[in-house]
Amino acid sequence: MESYEVHEDVEQNGYHHWTQNPSVWFVTRFIDLDGLSCILNFLKSMDYETSESRIHTSLIGCIKALMNNSLGRAHVLAHSESINVIAQSLSTENIKTKVAVLEIMGAVCLVPGGHKKVLEAMVHYQKYASERTRFQTLINDLDRSTGRYQDEVSLKTAIMSFINAVLSQGAGVESLDFRLHLRYEFLMLGIQPVIDKLREHENSTLDR
């Protein structure tokens, strides 16, 4: 299956299957055809225009739906580079895509072994996006005003949910030192004044 076939299938009929709670047969068939690798390869090879398009959003949506199935979730987590490639999609300016990526990453934090994969993916993204330190893009997005209130609320809520998952799951559950180290990373990036600014938002979902 070539990458352009993934594009065509998503645009014409594939996305409907994924967003409507894919059946075990559909997921099994998708896995057998190595569909995940096709999607990941497409994501890695996108040009800028495609990365900002609905195609990108749809492909991330396919992965998100795949992970709603236990078989699909195990397949995604077992793939050697899936979480890293998904994390690369944080570089898009498309807010719907970015929110979906954060939701996937936050969910991965909750499964055994997932938290470590997410932290490794954020280190990978740091190099990919030439960040000074990991999580820098997230704090920048948290602090940035887009001028589109609903989109801004969606993105900032997704970022805060992801940060909460990073801080509350994984090794930090058992190790106070580990949890404090992660908190210190965010504090050094200036998250506290950013959160103080967020409290000015009227939307109650951000004021917590």
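Author: Let us begin with a definition. A polar contact is a pair of N or O atoms within 3.5 Å; within protein, one must be able to donate a hydrogen and the other to accept it, and residues adjacent in sequence count only if both atoms are side-chain atoms. In this predicted model, local features need pLDDT of at least 70 and side-chain atom pairs pLDDT 80 or more, while totals for chains, interfaces and linings use all residues. Residues are numbered from 1 along each chain as its sequence is written, and side-chain values use heavy atoms, with hydrogens and water left out.

Reader: Which side chains does the polar contact of 2.7 Å join?

Author: That contact links Ser89 with His56. Ser89 lies in the loop between helix H7 (82-88) and helix H8 (95-108); helices here are DSSP runs (H or I, at least four residues; strands are E, at least two), numbered from the N terminus.

Reader: Why does Ser89 count as buried?

Author: Buried means under 20% relative accessible area, exposed over 50%, and partly exposed in between (1.4 Å probe, protein chains only). Ser89 counts as buried because its relative accessibility is 3%. Leaving aside neighbours within four places in sequence, Ser89 is in contact (heavy atoms within 4.5 Å) with Leu43, His56, Ile60 and Val101.

Reader: How should I read the two sides of a helix?

Author: An α-helix has 3.6 residues a turn, so residues three or four places apart point the same way. In helix H6 (residues 70-78), Gly72, Val76 and Leu77 are buried. Seen down the axis of H6, these buried residues fall within an arc of 130° (taken from the directions from the helix axis to the C-beta atoms), so they line one face of the helix. The face turned away carries the exposed Ser70 and Ala78. At the N-terminal end, Asn69 caps H6, with a side-chain oxygen 2.8 Å from the backbone nitrogen of Leu71.

Reader: Which residues have the most contacts inside the largest nonpolar core?

Author: In soluble globular proteins, nonpolar side chains tend to be buried together. A nonpolar core is a set of buried Ala, Val, Leu, Ile, Met, Phe, Trp, Tyr and Cys residues joined through side-chain atoms within 4.5 Å. Here the largest has 58 residues, and those with the most contacts inside it are Leu43, Ile63, Met105, Phe135 and Phe162. Helix H11 (residues 149-168) gives the most to this core, with 9 residues.
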